There are 2 protein chains.
Amino acid sequence: MILTVTPNPALDITYQVDHLKRGVSFRVTPLAEAGGKGLNVARVLAALGNEVSATGPLGGANGLRVRELLEKTAVVPKFIASQVPTRQTINVVDDSDATIFNEAGLPQTEELWERLSHVILAARAKVVTICGSFPPHTAPGTLTKLLAAARSAGSNTVVDTSGQALVAAAQAGADLLKPNEVELAEATGENALQAGATRLLGLGAKAVVCSRGAAGLSAFTPSLQVNVPPGVRLHGNPTGAGDSLVASLAASLAKTGEIPTSKPELTSWLNRASALAAATVAAPTAGAFDQALYQKLLEE
Amino acid sequence: MILTVTPNPALDITYQVDHLKRGVSFRVTPLAEAGGKGLNVARVLAALGNEVSATGPLGGANGLRVRELLEKTAVVPKFIASQVPTRQTINVVDDSDATIFNEAGLPQTEELWERLSHVILAARAKVVTICGSFPPHTAPGTLTKLLAAARSAGSNTVVDTSGQALVAAAQAGADLLKPNEVELAEATGENALQAGATRLLGLGAKAVVCSRGAAGLSAFTPSLQVNVPPGVRLHGNPTGAGDSLVASLAASLAKTGEIPTSKPELTSWLNRASALAAATVAAPTAGAFDQALYQKLLEE
């Protein structure tokens, strides 16, 4: 079983408009989906046929709605009821672009993070993914504690975060980190891809997979370096492509139980992840992907 | 007492961003306010020192929030609990523009409109204002029934709406209609201001006040026509200026109990309304106005 941890879930609202223009008043119909990177990862994992549970704090009407939306999926809910209302994210999608209004969310109590640690410990998942931002004013060291709980439970860990948290995840010995190029450079202060990845590996991460948009994927372990091009030329909604990468890598890690030590195996992980990301870009919403395209790309 | 009727209330969420750009992801903090034109009118009337009650359907978490937000004001709540969740409106305000995402809202039952008629009847208000859109799939004739209830209660009526509903309000003999220039032309099919207003008066409206942005205000009654320039050159957030016009006109009508029959009196109504609209543009949010500027403009 894979457990996805979402420290700062959101109710994702999508408004479709013809063409977003400043100063205009649009008449819109809301399309709601469970959001926050970790919940996208969970839905993709479930759609791939993996056994998956999702945890994180949910509160208020938005939290209730997130819970309801996930009931339609195979994701097993292990959420923690919080007094803090869950935030929303507004996605305005027009003919060519997605414009996103990302509420920061409200702080959670120390006690809630303790309860989350216990959920991670009790789950004894093959893989724990921790994805996305933490709410404002979360104590430093919270991610480290969650990763320690996963380690105690015997779970491998995949972390998709940025900034100081990315460095903390490396120091805590996370098995796999998935920053994009910008996040890697910002967190490590290294502009060169390899230097940034080497920095995180030196701190304790077992592997770093860096998403580079049209340049494809690069993976680094202490002994290997692999680059793969993107699955297809990317057209569509890029929101969620990174979450699908995480889902695919977490599924691979759950299957083998360890980071690849051979170049062909690491390459095959990246190719699968890249195909899934491309199939996600081809789907209209984050957390969904084009199954037929994914199968076709896998065969190629 | 003035009763404001809001057939389709909203929780208004404002996001302040530096400069709205398509394709960008913004980190935002939500600022919530009770919305829907009628609730803006109610807050302005309360701030002006009028006795004011507000009614309309409220449901779900957004409805609860609207109710809570109005508790901070002097507006007396006479809302109707609905099974239908209240919509939200997203206002993205940047350095120079307001971009609005207006959810259409969900249909209400026939029974709810019956209950609303009873609230209007029981209130015996001096003036009833009916402002803003109706939810989708509202039966034609609903506005007519609400206006009939107001008439039975001995209340004067002010209506701010558009399209077919504006024509229906005129036919139902509303005392005062407040379309803007575009709404007037669209509803009547007449491009000339005077022709459009004459059409509505011919159908049964007692007065038409048309807001014309930088061109000021024009009022028409069967015997009078008055134009006034805007209070000051308008800078700021125009959202809510129309609602302040309605509030000011409703306050004037509550005071005198009838549409002016002399040019000086009608002019003074328009000047007061125009000053309040200008003071609203100077305030950051709809439903609020700059008290000092309003007093200054009134004295001028």
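This is a predicted model: local features need pLDDT of at least 70, side-chain atom pairs count only at pLDDT 80 or more; totals for chains, interfaces and linings use all residues.
Local features need pLDDT of at least 70, side-chain atom pairs count only at pLDDT 80 or more, and totals for chains, interfaces and linings use all residues. Residues are numbered from 1 along each chain as its sequence is written, chains are lettered from A in the order in which they are written, and side-chain values use heavy atoms, with hydrogens and water left out.

Over all chains, the structure holds 20 salt bridges (a side-chain nitrogen of Lys or Arg within 4 Å of a carboxyl oxygen of Asp or Glu). One of them joins A:Glu33 to A:Arg43, with the closest N and O atoms 3.3 Å apart. A:Glu33 lies in strand E4 and A:Arg43 in helix H1, so the pair ties together parts 10 residues apart in sequence (helices, H or I, of at least four residues and strands, E, of at least two are DSSP runs, numbered from the N terminus). A:Arg43 is buried at 8% relative accessibility, while A:Glu33 is partly exposed at 25% (buried is under 20% relative accessible area, exposed over 50%, partly exposed in between; 1.4 Å probe, protein chains only).

In chain B, B:Lys37 pairs with B:Asp160 at 3.6 Å between the closest N and O atoms. This pair ties together helix H1 and strand E12, parts that are 123 residues apart in sequence. B:Asp160 is buried, with a relative accessible area of 1%.

Turning to the backbone, most residues other than glycine have a negative phi.
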